[in-house]
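Work through the two exercises below with the sequence and the model at hand. Each solution goes step by step.

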Amino acid sequence: AREYLHDLTLFYLDTLTSNPIYKKANAKGLLRMPVHEDGDWHDVPITHIVPLWCKPKHAYYLSFHLVRDGINGTPIVFPVVARGEDRVRIFLHAHNTREEVETLVKSVCSWAEEMLEIEASGDKSRIPSAARLAYDLMEEEKAKN
């Protein structure tokens, strides 16, 4: 199981970092993996806990997007981490399949693509679709009480 998890983590890192949308989001500072930015994860010990750093306040947006797609991603924000070091922590486990990892990468990249579009629009009031859905559900729940 340990070797499979290691190989799955390598597959995740290779698949995500080779995606052109991830590359663009990374270049724009929207999404990054400082722990793995040197790209030598095939030569050093790695962990199955894979954080994705986001722009401040974007960790919740990414987390909402992942949850909407059936993936658990935990937002880690201040005061748990320093201001400006928001991230989403993802845990891979030995029961994950390569297909599930591909789904994870597709979800991350579709969120990044939407965020890039929002930023390019210049509309500061626009929020991502999964966040709108989450906020609408919270408002519905609040109205019930």
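Strands (E, at least two residues) and helices (H or I, at least four) are DSSP runs numbered from the N terminus, and two strands pair if DSSP finds at least two bridges between them. The model is predicted: local features need pLDDT of at least 70, side-chain atom pairs count only at pLDDT 80 or more, and totals for chains, interfaces and linings use all residues. Residues are numbered from 1 along each chain as its sequence is written, and side-chain values use heavy atoms, with hydrogens and water left out.

**Exercise 1.** Determine the strand order of the sheet, and find what packs on it.

Step 1. The order is S1-S2-S4-S3, in an open sheet of four strands with antiparallel pairing.

Step 2. Strands S1 (31-32) and S3 (74-76) each pair on one side only, as the edge strands.

Step 3. Three bridges join S3 to S4 (residues 87-91) in the antiparallel sense. Ile76 has Arg87 in S4 as its bridge partner.

Step 4. Helix H3 (residues 58-68) packs on the sheet and touches S1, S2 (49-54), S3 and S4 (contact: heavy atoms within 4.5 Å). The direction of H3 makes about 35° with that of S4 (lines fitted to C-alpha atoms, for helices over the stretch in contact; angles from 0 to 180 degrees between N-to-C directions).
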